[in-house]
Every structure is written in structure tokens, then in C-alpha cells.
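Hello,

Here is the structure I promised to pass on to you. Please have a look at it, and then read on for what turned up.

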Amino acid sequence: MNEIATLALPREEAEALAGARHNDPFKVLGPRDTERGRLIRAYLPGALGVEVLRRTDRTPIATLEQHGKDGLFEGMVTDHVPYLLRIKWPQAVQETEDPYSFGPLLGDLDLHLFNEGRHFELASAMGANAMTFEGVDGVGFSVWAPNASRVAVVGDFNSWDSRRHPMRLRYPAGVWELFIPRITPGTRYKFDIVGPGGVRLPQKADPLAQQAEPSPATASVVASPRQWRWHDEAWMQARAERQAVTAPISIYEVHLGSWMRGNGTVSWETAAQRLIPYVVDMGFTHLELLPITEYPFGGSWGYQPLGLFAPTGRYGAPEEFAQFVDRLHAAGIGLILDWVPAHFPTDPHGLARFDGTALYEHLDPREGFHRDWNTFIYNFGRREVQGFLIASALHWLERFHVDGLRVDAVASMLYRDYSRSAGDWIPNVYGGREHLEAIDFLRHLNAVVKERCPGAVTIAEESTAWPGVTRSERELGLGFSYKWNMGWMHDTLLYMEREPIHRSYHHDELTFGLLYGFSEKFILPLSHDEVVHGKGSLFGKMPGDRWRKFANLRAYFGFMWSHPGKKLLFMGGEIAQEREWNHDREIDWFLLDNPDHAGIQRLVRDLNHLYRREPALHVRDSEPAGFRWIVGDDRSNSVFAYFRHGHDGHAPVLVVCNMTPAPRHNYRIGVPRGGVWREIMNTDSRFYGGSDMGNEGAIHAVPQPTHGEAQSLDLTLPPLATLYLRAES
């Protein structure tokens, strides 16, 4: 007689267990009451024998009999008490509680909030969490896969055997769960999923994993449940003021893996030792990191992430990242993370067709696939997906005390026809091109962040003229705190790349940004995107011989730091990096041995400190009253002059830019005050590598009406230089 036919378990159930297809393991495994008493059944392929022990004193109370050769053990016990299984393996003996003796892991409220897209502490409820459950230490696993026909968890603890730990489906939530006793943090795992129709999928990393193996390995890791003990109470209480539109915000954008390699090891600890002091010394207020959410391909710089809840394993454990943030705050530096909710890569171990269906993405490629990036687009109309993304944002802001999120590729989210030809996109329900579901998601995200994370900011990388990006949700805006001013960046770089002799014909490229400069709360970005893919470095964009290149860059930085809007500079720009950025090598720090490069670094340092020190340069960044042209039409000389104003009692600052290599002597500019105007910045100073032409540190206004003002200054304008002059009290 066939061995399977002799089992108490029906043949089809036994075959499903043996074939790793069983979708209801709690129906057949674990303890159950029968007419003969209490039956315990365990499926342990490869085991040689199994005993049942009383949990309290480890006294043997039964021996389970193996049926057949597939690892199915069962037997009767008389005691209805908590028990252990003593499993004899070929080379070891294991004692553990039976995973199938535990009740449901997730509460009904957890499942309800998840399905509503409003479980904002999702990673602490689902994914993999070390916990004590029903008095036993272990790990609770859960994963959303509503269309799967079977899900099992595999890992180091079961030799990656998909037969060992099939999970329980919580219907109708579509969430599979299992508590596995005696697993500890550091354990590697994945989910083994059988899709609709019995199709076996590649093993999947956990979408909610809070830790992952260092690339190129792809397994998820059970994270430590220990929370970092924070020491940044004072910072968190003052954060809202430090990040307000009236505050000086100067951001140093960094790709951590290529900032400074030193001995070849990059970690959160080395970053704390080297990067934090550097940012402080340079006068930046914030550090912005290119995405550190776990990502499979290093060449994506993190912009194709798959682990939206896990700091990349490249630089250390999550608690080491938390310590890094704490040390940043102790140094008075805020942290902004690039965060990517627009799309995700197609890697088979990731979110793509997660349960065999288009779960996180759209099925139709006209809605669900980015041809530019070969990535899938999130289905923002699905509540569970919206909730997943918002929970990710909150995970970084709440658990890790991150101060802001720069949301990548917002423009690609707002338009259904983004980078698509006619006929290759699906209109919204009203026939328009606006992506209504994504708009709803962004508004919801920003509203939740404001409610739960006081003082935190969200920043949109939005490259179009979408109205109201930084207007509140109640005013029908998107609700972001700030927006990258991509138009300013494009126009001003285009101007600076031109030979000075041609600039008079393109004067508007430097003035146009002020026509819309107060329509949003802007950040002026000279970001990584401008120094890659054949665009060259900032220094390389400047025209002329080497002297003129340095002078142009100095003048441009002087213009940028005086222009309305917060500041952002990608690493390397502050030392006039000559080569285009390459993520596989560090910045060319050796350039600082050259006085001209060291001069650029000193200039950026001084601009940062001056910007923070002078209220007129920042307190009214988002108000038209904070800026006034005084000379905006001198095309023939390529000269620009304007005032920056603070509030009453703040001294105004006059800014004058000469964007040609010809010095301008006796250049008269009207000013609203008499007395002394002190030259507080001259980008042509010898300390920065310039020719040291200027106004000897100060100049007296004279009662000669000019530009509609009763007083005026007779200035010397250095070649290719920017001057700042402050009215003395």
C-alpha cells in the first residue's frame, strides 16, 4: 500500500505540504483536539525524530511518529499544556516551540488600518519584527500578497526550505503571517510565494524589511528591536524654527559612497568622523544624502530603491545610522534624505509582480511603466500602496529623526503623459493629463507629515510650472514645504556657460527667475544632476581660460548666495572639482593643494557664514519685499544690482554683479541711505584667488541722486565678480 495513503492526514493535504503548495497550514499542523485526544502534527522534512516536551520543565510527554519519508510527524498527547518540540536532525538536536501552536499574529485593527492605507506605523506591525508573543521570544513575519495561492517564509533558520514554514492567510486583508519562535535579530530571510494558478515566483525580499544584506546580496535581515536612545531633544524642539522660510538654509548634497573613501571603507562611523566636522566648518546648515533606502544597483545612486524602510547595508546597521543622525544634530546640522515614491526597479526579488500580479504597480504599461528609467510606477490609487509609501516617509522622520525628505521626480508623478508620446498614456476620468491619484497621494503625504512630525520639511523636485506646489492642502496646493527651483538652475547655468562677450544678448537668463521667484518657497539647486552624464563639472561649464573659469565660478556663487531662495550645492562644487562626478571614485580632494581651488572653498565657507549672519539675505526669501532691483537692465555692461531687505531694523545689503572680465570704474548706484556702506563680500578678493580689486573695504554714500534714490555710491566693480555692501547703522 502507498505510504501516504496510510496517513491520518488526507493524501492531497500531505502532497500539498510535501510540494510546498499548502495554503492553510494551521488547518493541518500544530495541536488539535480529536475524539481520541489531543493530536500534534509537525512537518519537518529531513528530521530523524521528534519528541514533545512540556514547556515548563522540559519533561517528555510524547514521541511523534513519522509517516512516510517526507517529514510528516504526528502523535497523541494527554496533557493540554504549552509544549516544545525536540527535533533530532542529522547533525544536531533542536528544541523549539511549535510555530503552529500560536494564535493569530496581527490584530483586526492592524489589518483594517492597513487596508485603509492609514497604518502609519506599518513597519512595527508587519514585515519582520523581533518580539515576545504569547510569552515566547521570536520573530513575527507578515506580508501583503492577496493574490498568492501560498506564501512561506524561508531563511537561515530553515535552510531556505520553502516546505518548512508556510504562512497563515488573514482574509479578507490579503496578509499572510506566521510567528516563528527563537529566531533572533540578524537572521536573513525572504518570502517564497506561489502566485495564482500555482506559478512559483522568485523568492522576494520583504517590502517592509527594516534591514537588508549589503549589496549585491538581496536577502532581508531581521532588525534589532532596540531603539536608539536619542540625545537631540533640544534640536527637535528648535527644528521648526531652524527650517522655517525665514531661516537660513544652506544644504550640502552628498553621495556618501563617493564623498571621501579614505582607506576604502565608507561607513556611518567614518562619515560621522569626517563628514560632520566638514559640514560644520563649511557653514552649511543641512546635509542632504542621495537615497540611502536599500537599493540593488549601485550605479543608480539609490534612485531605484527596493527597501523603503531599510537604510542600505552598504554603510552599516540601522542603529549606526541613527547614531549618525544624533551626532549631526549634536553638531547643529539638519539631515534631509532623498526619497523616491515615484517608481521602483524591476528586479525579480523586489516589488515587481510581487504576488504574481500587478500589486504595487499598474498592470497596463501605459500607466505602470517608465520607459525612461525601465521602472514600474506605483499604483497611487490603491489605498494599501498609498499607506505603504506614507508609512515609509514617517519611518525615516519618526524613527530616525530625519529632518526632511526631498521627494524625487515629482513631475513624473503629476502628469499621466510624462515623457510619453500621444496614444501611449491613459487620460484621467475627466479626460485630462493630470494624475489625480498621485496628486491625492502627495497632498495626503504632506498633511500627515505636518500633523505627526512638527518641524519636518518635505521638498519637491518638480521641474514644471505646476501651480501651488508649496501652497497648503487647504488652499488646493500640494502642501510641500519647499520646491527645487529647476528653472533658475537651468537659466543661470546657461547664462554662465556663455562667453562674456555674448552675455549682453542673454541678460534675461539671469533676471527671468525673479518674475516667478516668490510664487513658491524655493531652494536654488546646483545638484548632482548638473555634473553627470556628460554635463561636466560646474568649473568645467565656465568659459575662458583658467583664471576666467575660477572668476566666473566665484561670481556665480556670489550671485547664488545673494539670490532669494535657500541654497543647495552638490559635493565637489565647493572645491571647483574639474572632473565630472563619478560615483566610483571620491572627490578630487588633492585639488586643494592648488591655491585657486582652496580659494573657492574659502569663498563657499565665507558665503555660508555671511548668509547665516546677515538677516537681509534670508529672512524674507519668500517675500517680494525682500528683494528690489536697482540695476536690472544694464545689458551692455552685463551688470546686475539689487537690494536684499530684512525686517525693520535689519541693515539692507546691496549686491552688484559684474559678469564680464572688464573692470567697471566709477559705476554709480543709488542707495536708500547715506553714510558708510561696508564691503562685506568681494568674490575677487585675493583670499579667494581673485585680483583683489574693490572699494578698500567701505565707501561713503554721497548726496547725488541716482536710480530714484537721493544717495549714491561711486563703485569700482572688479572683473567677473560679485560684491555685497551693507549699510552701516
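Let me start with helix α6, whose buried residues are Trp-268, Thr-270, Ala-271, Ala-272, Leu-275, Ile-276, Tyr-278, Val-279 and Met-282. Buried means under 20% relative accessible area, exposed means over 50%, and partly exposed is in between, with a 1.4 Å probe and protein chains only. Helices (H or I, at least four residues) and strands (E, at least two) are DSSP runs, numbered from the N terminus.

Before going further, please note that this is a predicted model, in which local features need pLDDT of at least 70, side-chain atom pairs count only at pLDDT 80 or more, and totals for chains, interfaces and linings use all residues. Residues are numbered from 1 along each chain as its sequence is written, and side-chain values use heavy atoms, leaving out hydrogens and water.

Back to α6, which covers residues 268–282. Its 15 residues should span 21 Å at 1.5 Å a residue, and the end C-alpha atoms are 20 Å apart, which agrees; the expected span is 1.5 Å times one less than the number of residues. At Arg-274 the helix bends by about 30°, and a proline, Pro-277, follows within four residues. The bend is the angle between axes fitted to the seven residues ending at a residue and the seven starting there.

Three strands form an open sheet in the order β10-β13-β14, with antiparallel pairing. β10 (150–155) and β14 (220–221) are the edge strands, each pairing on one side only. Strands count as paired if DSSP finds at least two bridges between them; β10 and β13 (residues 188–194) have 6. Within that pairing, Val-154 stands opposite Lys-190 in β13.

Now for the charged pairs. Side chains of opposite charge can pair when their charged atoms come close. A search of the whole structure finds 49 salt bridges, each being a side-chain nitrogen of Lys or Arg within 4 Å of a carboxyl oxygen of Asp or Glu.

- Arg-188 and Asp-156 meet at 2.9 Å, N to O. Arg-188 lies in β13 and Asp-156 in the loop between β10 and β11 (168–170), so the pair ties together parts that are 32 residues apart in sequence. Arg-188 is partly exposed at 30% relative accessible area, and Asp-156 is partly exposed at 38%.
- Arg-644 and Asp-621 meet at 3.0 Å, N to O. Arg-644 is in strand β29 (residues 639–644) and Asp-621 is in the loop between α17 (595–613) and β28 (627–634), so this bridge joins parts 23 residues apart in sequence. Arg-644 is buried, with 0% relative accessible area, and Asp-621 is buried as well, with 3%.
- Glu-51 and Arg-86 meet at 3.3 Å, N to O. Glu-51 belongs to strand β3 (residues 49–54) and Arg-86 to strand β6 (residues 83–89), so the pair ties together parts that are 35 residues apart in sequence. These two are also linked with Arg-58 and Glu-95 in a network of salt bridges.

Val-77, in strand β5 (residues 72–77), counts as buried because its relative accessibility is 5%. Tyr-430, in the loop between α10 (410–414) and α11 (436–452), counts as exposed because its relative accessibility is 72%.
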